[in-house]
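Biologist: Can you take me through this one? I'd like to start with the annotated residue and then look at the rings.

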Amino acid sequence: MDRLDNTVRPYAWGSTTAIPRLLGTQPTGEPQAEMWMGAHPGAPSRTPRGPLTEVIDAAPERELGTEAVARFGPRLPFLLKILAAGAPLSLQVHPDLAQAKEGYADEERRGVPIDAPHRNYKDANHKPELICALTEFDGLCGFRAPLEAAELLSALDVDSLKPYVDLLHARPEDSALREVLTAVLTADPELMATTVTEAAAACARLGGAHAPYAGIAHHYPGDPGVVAAMLLNYVRLQPGEALFLGAGVPHAYLNGLGVEIMANSDNVLRCGLTPKHVDVPELLRIVRFEAGDPGVLRPEASPDGEEVYETPIDEFRLSRYVLPEGGPAHDLTCRTPQILLCTAGSVRTGDPEPTTSPAITLAPGGSVFVPAGEKVEVSGSGTVFRATVVV
């Protein structure tokens, strides 16, 4: 078992205070957006044995287990993060596995540099993800029913939005959403900027259900993604609640602190709320134009105290233990690799009969990597998240 030393990413949308507050450190005044835990080559966790990427590369079956290597290859299949949004992230979707493989192969064949700003596929993997709130957490997830979106837009009383309202009333559900999103993203930029400015003023005036979009427009003035965002469900998660984001589901995180886990991929297609490249034709190929409830997840408790966030994905499995003062220890030994992350209190991790390494005590924000099959139990008073895979 190795204590992890993790990189904090300073993306512009990051909160300046949320991660320092969790870690008990002083804010620097700079944004601290994501703390990465895992073996992503962009920012691998550091261990006493070296970067986690090198530790795994040196002995993948020992670190990951034979079953995980047979299923996912010689790499850690997931990336765990603490995410702290102080401003909205880009509106985005992720491809499914077949789309990712096809898109990656096509861009490789066409010789698009891997670091080109217009490159869509950085790898051949899909990127399903799960976000679990540590504080109140605001986000957008999946399409509203077209008539609900029409009502939201109509209330703004902005003339240039009325054709979109008519489309949402007049077309079948999938066609309505597709045509409106296409129209928004392909509109004349200057005309759309004016529309967004008028819509933002109306949202601020109306408040209520419109208030989140006034906030989004404050961060992204004139961005067509503001109108696109109004097609989506607004969600406020309470601590412990989660959202699963599958392939093709448009989404954006707006504000709050959470634990995020995802398949180990960088594939993102953006819909707006960003100065980065938006590939409209490829985006429209990936988006699933299906309206529905965003599906807030609450953990399912097992008799041994593990609370599991159920998803249809095998690359990751996220659960948590809420440990009461004086409660029993929990044996977490399993045949797959694990990352354990403390988010509250003080949690002791280690072999109940230490023969190789001493126990490690985790404060909030502290984490460890546990190789497959290594004996480990957790005790103490606090909350610990457990990330592993399904084989």
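Modeller: Arg270 counts as partly exposed, because its relative accessibility is 21% and buried means under 20%. Keep in mind that this is a predicted model.

Biologist: What does the UniProt annotation say about Arg270?

Modeller: The unreviewed UniProt entry annotates Arg270 as "active site".

Biologist: Which strand is Arg270 in?

Modeller: Arg270 is in strand β13, residues 269-272.

Biologist: And what does Arg270 touch, leaving out residues up to four places away in sequence?

Modeller: Ser90, Leu91 and Gln92 are among the contacts of Arg270, and so are Lys276, His277, Val278 and Leu283.

Biologist: Now the rings. How many aromatic pairs are there?

Modeller: The structure has 3 aromatic pairs. One of them is Tyr11 with Trp13, a tilted pair at 5.8 Å centre to centre with 35° between the planes.

Biologist: Is Trp13 buried or exposed?

Modeller: Trp13 is buried, because its relative accessible area is 15% and the cut-off for buried is under 20%. Tyr11 has 29% relative accessibility, so Tyr11 counts as partly exposed.

Biologist: How do Phe137 and Tyr253 pair?

Modeller: Phe137 and Tyr253 pair edge-to-face, with 5.5 Å centre to centre and 75° between the planes. This pair links distant parts of the chain: Phe137 belongs to strand β9 (residues 137-143) and Tyr253 to strand β12 (residues 251-263), 116 residues apart. Both Phe137 and Tyr253 are buried.

Biologist: Last one. Where does Arg9 lie?

Modeller: Arg9 lies over the face of Trp36, 4.3 Å from the ring centre.

How values were computed:
Residues numbered from 1 in each chain as written. Predicted model: local features only at pLDDT ≥ 70, side-chain atom pairs only at ≥ 80, totals over all residues. Heavy atoms only, no water. UniProt positions renumbered as here; feature names shortened; annotations may be inferred. Helix = DSSP H or I, 4+ residues; strand = E, 2+ residues; numbered from the N terminus. Buried < 20%, exposed > 50% of the residue type's maximum accessible area, 1.4 Å probe, protein only. Contact = heavy atoms within 4.5 Å. Phe/Tyr/Trp six-rings, centres within 6.5 Å; stacked < 30°, edge-to-face > 60°. Lys NZ or Arg CZ within 6 Å of the ring centre and 35° of its normal.
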